[in-house]
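This briefing sets out selected features of one protein model for computational work.

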Amino acid sequence: MPTLPILPYDYNALEPVLDEATMKLHHTKHHQAYVDKLNAALDKHPELKDKDLADLLTDLNQVPEDIRQAVRNNGGGHLNHSFFWEGLAPVGSEATVMLENLVNKIDQDFGSLEVFKEAFKTEGLNRFGSGWVWLVIGENNKFQIVSTANQDTPLGLGLRPILAVDLWEHAYYLKYQNRRAEYLDNIWQIVNWKKVAELAPPGRGEL
Ligand code: MN3
């Protein structure tokens with residue numbers, strides 16, 4: 001049964017990029033609500049409770065129609081947030097240091113780290129309304145930047161996510177108000193590159 005994951009750091013651990021109040025609300029209220037609503041939907045089809053959520057979201061056609069939209073929204077919300085938390089780490093921590101093989105891969109696929117960061121920010125700014133911006137492994141193991149609306153995941157597009165950034169206003173509004181660009185500039189200080197590299201291991205990506 002889906003449950004709210006425990007964060008791998010304290011609510012104040014991502015200061016000053018993400019403030020404690022935002023983190024606490026985001027985890028205990030927003031993420032919890034997705035978990036609760038997902039469980040309410042799955043109560044109508046208990047046989048789905050033991051299925052892998054990522055599998056269900058990869059092919060939503062296997063989900064009965066009466067709960068399909070609820071699973072898409074709330075299952076997506078649960079999976080995306082769980083993934084998002086894992087991809088962050090405290091400012092200055094070892095996990096935020098990008099190792100050479102990842103730097104090289106980004107250079108190879110985007111030209112440079114600066115070009116990559118700018119493209120990621122642009123994709124995030126151009127996503128109208130709520131959604132997510134992602135770094136994914138796409139065709140030919142090439143890194144790609146994509147965004148999705150609402151709580152949709154790139155899994156349904158056949159893309160393997162390795163980094164997610166929440167674009168919903170609840171993720172940044174208390175600290176950044178309407179300044180999504182500033183939030184996207186600052187987020188790099190807390191990206192867990194160690195985790196990203198683990199998700200794109202040698203032999204699977206180009207790393
Ligand atoms: Mn969120």
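A residue counts as buried under 20% relative accessible area and as exposed over 50%, and as partly exposed in between. With a relative accessible area of 28%, Asn 141 is therefore partly exposed. The model is predicted.

- His 26 belongs to helix 1 (residues 20-42), while His 170 sits in the loop between strand 3 (160-166) and helix 6 (173-176), so the pair ties together parts that are 144 residues apart in sequence.
- Both His 26 and His 170 are buried.

- Domain 1 gives 19 residues to the contact, and domain 2 gives 22 residues.

**Largest pocket**

- The largest pocket holds about 190 Å³ of space.
- Its lining consists of Leu 57, Thr 58, Asp 59, Leu 60, Arg 72, Gly 76, Thr 148, Gln 151, Asp 152, Thr 153, Gly 156 and Leu 157.
- Helix 2 (53-58) and helix 3 (65-86) are the elements that give two or more residues to this lining.
- By class, the lining of the largest pocket comprises 3 nonpolar, 6 polar and 3 charged residues.
- Because domain 1 (20-86) and domain 2 (94-199) both give residues to the lining, the largest pocket lies between them.

**Asn 80**

- Asn 80 is located in helix 3 and has 2% relative accessibility, so it counts as buried.
- Not counting residues up to four places away in sequence, Asn 80 touches Trp 132, Trp 134, Gln 151, Asp 152 and Thr 153. Gln 151, Asp 152 and Thr 153 are also among the residues that line the largest pocket.
- Asn 80 and Ala 164 are 84 residues apart along the chain, and their C-alpha atoms are separated by 7.5 Å.

**Gly 131**

- Gly 131 is placed in strand 1; its relative accessibility is 0%, so it counts as buried.
- Leaving aside neighbours within four places in sequence, Gly 131 is in contact with Thr 148, Ala 149, Asn 150, Val 165, Asp 166, Leu 167 and Trp 168.

**Backbone geometry**

- Most residues other than glycine have a negative phi, and most peptide bonds are trans.
- Phi of Asn 141 is near 60°, a positive value in a residue other than glycine. Asn 141 is found in the loop between strand 1 (131-137) and strand 2 (143-149).
- Asn 141 and Glu 65 are 76 residues apart in sequence, and 33 Å separate them in space from C-alpha to C-alpha.
- Asn 150, likewise a residue other than glycine, has a positive phi near 55°. Asn 150 occupies the loop between strand 2 and strand 3, and with a relative accessible area of 42% it is partly exposed.
- The peptide bond from Glu 15 to Pro 16 is cis, with omega near 0°. Pro 16 falls in the segment before helix 1.

Key:
Residues numbered from 1 in each chain as written. Predicted model: local features only at pLDDT ≥ 70, side-chain atom pairs only at ≥ 80, totals over all residues. Heavy atoms only, no water. Helix = DSSP H or I, 4+ residues; strand = E, 2+ residues; numbered from the N terminus. Buried < 20%, exposed > 50% of the residue type's maximum accessible area, 1.4 Å probe, protein only. 1 Å grid on protein atoms, 1.4 Å probe; cavity = no way out; pocket = protein on both sides within 12 Å on 5 of 7 lines; lining within 4 Å. Points joined across faces, edges and corners; volume = space filled by probe spheres on them. Nonpolar A, V, L, I, M, F, W, Y, C, P; charged D, E, K, R; others polar. Domains from an automatic or database assignment. Contact = heavy atoms within 4.5 Å.
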